[in-house]
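Here is a briefing on one protein model. It covers a loop residue, the nonpolar core, a strand pair and the salt bridges.

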Amino acid sequence: NGTSYYAWTVSGAGEGPGHGMASTLPQDGSFVAWNGFDGSTANTELTLYQDLAIPANSLTTLSWNDRVQWNFTLGATATVERIYEVELLDPTTGNLLETLFTWSTGTQAEAPTGDSGWTLHSADLSAHAGSTVRLMFRETIPESLTGPGQIEFDDIKLDVLPITDVGSVTFDADSYKIGDRVTITVNDGGLIGSGSLTVSVVSI
């Protein structure tokens, strides 16, 4: 919605609007996705999305790199902050499932210029195993022409760890009584899930 100062672009190093902001600089490979993070119309919304099929029986982690820059000194006064969010949506209904990350520039009075620097983020998507979700990068620019900006994204990926083994523990009823404390130790070669758990016998 609205009109971006610089539209979505995929490019290598050395691009960008300038105006005192550093040019694009890929962090993994040769390209980044970026836009101007400013609008020539009020209430501009810029989005980038991809539907993801999260494997069943898996531990899945999303990670991405981003960098946000802005210069509010070169436009109309920015009295409302610009917001950038990363969300998970239901791809069929568009309903919000989860907000993974939220960030804002602050107003011109709070931060007339800024550079977040390249920042690595991660989010656990394991709760959505076995389903398809829509990963949405959403930018909200509430005011028009309040100064140029630039936002870059790189190295967006999913790390999937399959869960292949399901175990069970059987207790000998003749060896325990109600109230006994039992420690169960699980060793899966150092992967997520290793450790010990102490439980109480509540029925036999």
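S126 sits in the loop between β8 (119–124) and β9 (132–141); strands (E, at least two residues) and helices (H or I, at least four) are DSSP runs, numbered from the N terminus. The model is predicted: local features need pLDDT of at least 70, side-chain atom pairs count only at pLDDT 80 or more, and totals for chains, interfaces and linings use all residues. Residues are numbered from 1 along each chain as its sequence is written, and side-chain values use heavy atoms, with hydrogens and water left out.

- S126 counts as buried, at 18% relative accessibility (buried is under 20% relative accessible area, exposed over 50%, partly exposed in between; 1.4 Å probe, protein chains only).
- A polar atom of the S126 side chain lies 3.0 Å from the backbone nitrogen of T60.
- Leaving out residues up to four places away in sequence, S126 touches S58, L59 and T60 (contact means heavy atoms within 4.5 Å).

**Nonpolar core**
- The largest nonpolar core has 24 residues (a core is a set of buried Ala, Val, Leu, Ile, Met, Phe, Trp, Tyr and Cys residues joined through side-chain atoms within 4.5 Å).
- β3 (44–53), β4 (58–71), β5 (83–89), β6 (96–104), β9 and β10 (149–162) each supply at least two of its residues.
- Among the residues with the most contacts inside this core are W64, Y84, L125 and F137.
- L125 touches L52, I54, T60, L62, L88, L100 and L158, not counting residues up to four places away in sequence.

**The β5–β6 pair**
- β5 and β6 pair in the antiparallel sense over seven bridges (pairing needs at least two DSSP bridges between two strands).
- I83 stands opposite S104 in β6.
- Six residues separate the two strands of this hairpin, and G94 in the turn has a positive phi of about 80 degrees.

**Salt bridges**
- The structure holds five salt bridges (a side-chain nitrogen of Lys or Arg within 4 Å of a carboxyl oxygen of Asp or Glu).
- R138 and E45 meet through their side chains at 3.1 Å, N to O.
- R138 lies in β9 and E45 in β3, so this pair ties together parts 93 residues apart in sequence.
- R138 is buried at 16%, while E45 is partly exposed at 24%.
- R138 also forms a salt bridge with E87, the closest N and O atoms being 2.8 Å apart.
- E87 lies in β5, so its pair with R138 ties together parts 51 residues apart in sequence.
- E87 is buried, at 7% relative accessibility.
- Shared partners join E45, E87 and R138 into one network.
- D51 and R134 meet in a salt bridge at 2.6 Å, N to O.

Key
Polar contact = N/O pair within 3.5 Å; in protein donor to acceptor, adjacent residues only side chain to side chain.
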